[in-house]
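Here is a short report on selected helices and strands of one protein model. Keep the sequence and the 3D view open while reading.

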Amino acid sequence: MHVSKLHENMRSGKPCKRCVAMTSTLDGLRQLASADGYRHFDVADLHRSATNGCSCCSLLYGLYIHHVEPSDAKLDAPQGTGYWKLRSTNQLGVKESRDRYENLDYHFIRDGKKYSLSSHTLLSVRTSPGDPAEKFFYAAKFRAPLRATEFENQIRDQLNACNYSHEKCPKREKAELPTRVIDVLPRTPRLYLSRPNDRAEYVTLSYCWGGPQDLTTSTTTLNDRISAIPLSLLPPGLQDAISITRLLGFQYLWVDALCILQDSIEDKAAEIAKMAAIYRNASMTIAAANTSSVKNSFLRDIVLPATIELPFLNPDGSPGTISLGAGDIAPRDLEHLSTRAWTLQESLLSPRVLYFGNRDVTWKCLSEMANITKVNADYDKFNTYEYRRHPPFLDNFLFPDAEMFSKTTTRDTSDRFMERSKGGLTQYGVWTYMMEDYSRRSLSVQADRLPALAGIAGELQKMWQDTYIVGMWRKCFLQHLGWRAYDDRGAKLATDFQSPTWLWITPGFRVHVEPYFKFECARIRDIDVQFAQPDSSFGEILSGKIILEGEVSTLKDIEERQTSSWEHEHWDIQECVTLDRELGGEENEVNYETRFLLLGCYSQYRSHGVGLILNPFGDGTWRRIGLTYTHEDDLNMMRLMWPRDRYQPQVITVVQALQ
């Protein structure tokens, strides 16, 4: 049984009779409170019950996989014998106390002996506010239904508060409509073709397609969509988006699959060029982050991960409900939207986002970030490690007057990202974060890698007054050549997207940018990029080359210097080399034709630095194959690679794609 199935059972399954009896009968409660504890199923029966959908047995079997028989995320059948014994650590719910946490101790028994577990072995116990068991247990929400009136009122109130109370947020005003929008006001929605000067409020949807779409708009189906878009033909994710749009009182919804002609290259190009304006002018964006496919509903209940519900017999005889939670087996999955390239600009360009995440529903605007459902208490503070490392939102840096959330959305506060004297993000820091975040995101069409950044780049170009050059900026260009690929995820270079070897945006790469070097040692003499569409500097490219002038070393030079000094005797070049990709053969290996070009140093004493590794193409030009970096604690490496007294400037032309 796959671990994902166990968690699905925990979320939506029902407990079996054995689990129900543990907490809802006098005999079960007496056993839990006894020194011997409550003996649960043995492993085989536990597996069988979990397979049949029992939520509690799925939780316990997940603990078995985690603590006793670890595996590669699945166990088709139990691999051993034994059983779980559960015991109340403080006589479960025997007296009234609103501020007391309860726990169940659990141990695995094998051959009559307690199996030693490697970590904390307590299940947290709590009830929900208003439950009869609240007199005996700590009360906190562990489930929030998203189709309930309470949630609907909460998001209405949040939108109204933002509109009427937030000085930094735009007021809900009519904006120029996109070319096409879905009119959700009729019982059967339809596609509306906007006319010149049409102005109205509208909502955008940010979501994952999850593969080919069953229902799209094309040149041949356009008239059909204008007539009607039957709800029954729409996937659950789009039905949910229409429901939320109507609930909040909006008439129009923009969804790319239905509002862009999917078989028209010209229409796609025209609409992609408007993407920044579409999201920026929307009254709100709905972000369906908790599902990887539009074929799944995103209006599913928010629940605590690895938490199940059980009926409970209160000491006064009244029935109640409690939850058991095991945080050590809670999934740590990223939100699905944070793995897709297009959705990055959608979240950054939107002034208001209603974010349907795995852990909670979040509101983000230019004034605040708020946890609406408040099921996962830690996430209420937006301060967990996972949230800081992979946040759904960067700071509102595209909106200069907005509140900044640097403490929760920047992975560290070092000089790589933050300018300490000003307390804000620098241009270098912002784009470094963008490069590293964007490079780990995926695309269905690799040729969209540059267009999917176009909206952000267009806005930043106006803000920074700088020249955008295919994924980099003129002011930081030399600095951002210092990227290295630290994980290619086993990906193969896509045949429909070829990029210059110096460009970080090559698909398959996850990049890390070396820290900002204070002293630039190379000079950019020329950058020449040819675009597929000459009038677009944000779209696909045909070719690109850069001409650099700087200090250049060869492997032969390094070896000669190494043999001439005992200080360098044990130095290995592999210690400071990262190759971009293993392609097989020798084309990506360091050899005697390889050149090492110094980009910059971190101090005026040249203690350590960063440089490009280049191999010849055979026509007098060079291609990047990796990055070299010398360490701060070893001056000998820097002296070997680029000795100052032997510096002679050379001009290197770095060119086109890997073949």
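This is a predicted model: local features need pLDDT of at least 70, side-chain atom pairs count only at pLDDT 80 or more; totals for chains, interfaces and linings use all residues.

Strand 18 spans residues 361-364, and both of its faces are covered. V361 and W363 lie on one side, T362 and K364 on the other, and all are buried. In a regular strand, side chains alternate between the two faces of the sheet.

Strand 18 has a partner in strand 17, which runs antiparallel to strand 18 and is joined to it by four bridges. In this pair, F356 is bridged to V361 of strand 18. Strand 17 and strand 18 make a hairpin, with four residues between them. Strand 18 also pairs with strand 19 (residues 369-371), in the antiparallel sense, over three bridges. Here K364 has M369 of strand 19 as its bridge partner. Strand 18 and strand 19 form a hairpin too, with four residues between them.

**Helix 8**

How many residues does helix 8 have, and how far does it reach from its first C-alpha to its last? Helix 8 (residues 236-247) has twelve residues and reaches 16 Å, close to the 16 Å expected at 1.5 Å a residue. Its buried residues are G237, L238, D240, A241, I242, I244, T245 and L247. An α-helix has 3.6 residues a turn, so residues three or four places apart point the same way.

The buried residues of helix 8 pack against helix 6 (149-165) and helix 9 (256-259). They also pack against strand 11 (202-206), strand 12 (252-254), strand 13 (284-288) and strand 17 (353-356). After helix 8 comes G249, with a positive phi near 85°.

**Helix 12 against helix 16**

Helix 12 (residues 342-349) packs with helix 16 (residues 454-464) at an angle of about 40°. Their axes are 8 Å apart. Helix 12 and helix 16 are therefore oblique to each other. From helix 12, the contact uses L344, Q345, L348 and L349. From helix 16, it uses A454, G455, I456 and E459. By class, this contact has five nonpolar, two polar and one charged residues.

Is strand 31 largely enclosed or open? Seven of the eight residues of strand 31 (residues 609-616) are buried, so it is largely enclosed by the rest of the structure.

| Strand pair | Sense | Bridges | Facing residues |
|---|---|---|---|
| Strand 30 and strand 31 | antiparallel | six bridges | L598 and G611 |

Strand 31 and strand 32 form a hairpin with five residues between the strands. In that hairpin, G618 takes a positive phi near 110°.

Notes: Residues are numbered from 1 along each chain as its sequence is written. Side-chain values use heavy atoms; hydrogens and water are left out. Axes are lines fitted to C-alpha atoms, for helices over the stretch in contact, and angles run from 0 to 180 degrees between N-to-C directions. Helices (H or I, at least four residues) and strands (E, at least two) are DSSP runs, numbered from the N terminus. Angles under 35 degrees count as roughly parallel, over 145 as roughly antiparallel, 65 to 115 as roughly perpendicular and the rest as oblique. Contact means heavy atoms within 4.5 Å. Ala, Val, Leu, Ile, Met, Phe, Trp, Tyr, Cys and Pro count as nonpolar, Asp, Glu, Lys and Arg as charged, and the others, Gly among them, as polar. The expected span of a helix is 1.5 Å times one less than its number of residues. Buried means under 20% relative accessible area, exposed over 50%, partly exposed in between (1.4 Å probe, protein chains only). Two strands pair if DSSP finds at least two bridges between them.
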